[in-house]
Amino acid sequence: MSKKLSPAVTLTREQKEQRRLAAAQELLEGEKSQAQIAEDHGVTPSAVSKWKTTLEEEGIEGLKSTTDEGNQGPDPQLDDQDREQLVELLEEGAQAHGWETDLWTSKRVATLIEREFNIDYTSRHCSRILRELGYRPVKPREGTAEKDPEEKERWLNEEAKQLKKS
């Protein structure tokens, strides 16, 4: 049974370290292929390959989390409370924030975050944030429902409800 993680799951540093160390143990035992280890731990085969190289060059210590700021990446600018507030803002709909339609695109979310939290994120990063929050950003099509009231009503009743993951 695969232990693949949903893109919406974010692991803590400690959990990531535990995953690396468990995979390292399996690498040392040599009973599984790197591809199988990757599948079992919900990572890519290239991640396991990097872990193997680190294990060979630095030993098990090389796979442990460090307190070195340079190795951990930047702290997230949106904290948990900000993310909760962002969800509330998203649920109000895009029209409540000045857009003509209620579609949340990554670009619109970037603008919203800039306005509400004074944080400048790229639309690509906002796409990741949306997925982590359980949303799926959309790309508006040319000549969509905005121009046809009946099509707009159909879209709102049928497709828009599917944009929020269950």
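Author: The discussion below takes each term and sets the computed values against its definition.

Author: This is a predicted model, in which local features need pLDDT of at least 70 and side-chain atom pairs count only at pLDDT 80 or more, while totals for chains, interfaces and linings use all residues. Residues are numbered from 1 along each chain as its sequence is written, and side-chain values use heavy atoms, with hydrogens and water left out.

Reader: How many helices and strands are there in the chain?

Author: The chain has eight helices and zero strands. Helices (H or I, at least four residues) and strands (E, at least two) are DSSP runs, numbered from the N terminus. Along the sequence the pattern reads α-α-α-α-α-α-α-α.

Reader: What makes the contact between K32 and D40 a salt bridge?

Author: A salt bridge is a side-chain nitrogen of Lys or Arg within 4 Å of a carboxyl oxygen of Asp or Glu. For K32 and D40 the distance from N to O is 2.7 Å, so the pair meets the definition. E26 also belongs here: E26, K32 and D40 are linked in a network of salt bridges. The search of the whole structure finds five salt bridges.

Reader: Which parts of the chain does the salt bridge of E132 and R83 link?

Author: The side chains of E132 and R83 meet at 2.9 Å, N to O. This pair links distant parts of the chain, for E132 lies in helix 7 (residues 123–132) and R83 in helix 5 (residues 80–92), 49 residues apart. The C-alpha atoms of R83 and E132 are separated by 10.0 Å. E132 counts as partly exposed, because its relative accessibility is 29%.

Reader: What does R83 touch, leaving out residues up to four places away in sequence?

Author: R83 touches L78, I129, E132 and L133. Contact means heavy atoms within 4.5 Å. Among contacts in the chain between residues at least 6 apart in sequence, 51% join residues at least 24 apart.

Reader: Why are helix 1 and helix 2 called roughly antiparallel?

Author: Two packed helices are described by the angle between their axes and the distance between the axes. Axes are lines fitted to C-alpha atoms, for helices over the stretch in contact, and angles run from 0 to 180 degrees between N-to-C directions. Angles under 35 degrees count as roughly parallel, over 145 as roughly antiparallel, 65 to 115 as roughly perpendicular and the rest as oblique. The axes of helix 1 and helix 2 (residues 34–41) cross at roughly 150° and come within 10 Å, so the two helices are roughly antiparallel. R19, A22, A23, E26 and L27 of helix 1 make this contact with Q34, I37 and H41 of helix 2.

Reader: What makes helix 1 and helix 3 roughly perpendicular?

Author: Helix 1 (residues 13–29) and helix 3 (residues 45–58) pack at about 75°, with their axes 10 Å apart. The helices are therefore roughly perpendicular to each other. R19, R20, A23, A24, L27 and L28 in helix 1 meet V48, W51, K52 and L55 in helix 3. By class, the residues of this contact divide into seven nonpolar, no polar and three charged. Ala, Val, Leu, Ile, Met, Phe, Trp, Tyr, Cys and Pro count as nonpolar, Asp, Glu, Lys and Arg as charged, and the others, Gly among them, as polar.

Reader: At what angle do the axes of helix 2 and helix 3 cross?

Author: The axes of helix 2 and helix 3 cross at roughly 115° and come within 8 Å. That makes helix 2 roughly perpendicular to helix 3. In this contact, Q34, I37 and A38 in helix 2 meet P45, V48, S49 and K52 in helix 3.

Methods
Buried means under 20% relative accessible area, exposed over 50%, partly exposed in between (1.4 Å probe, protein chains only).
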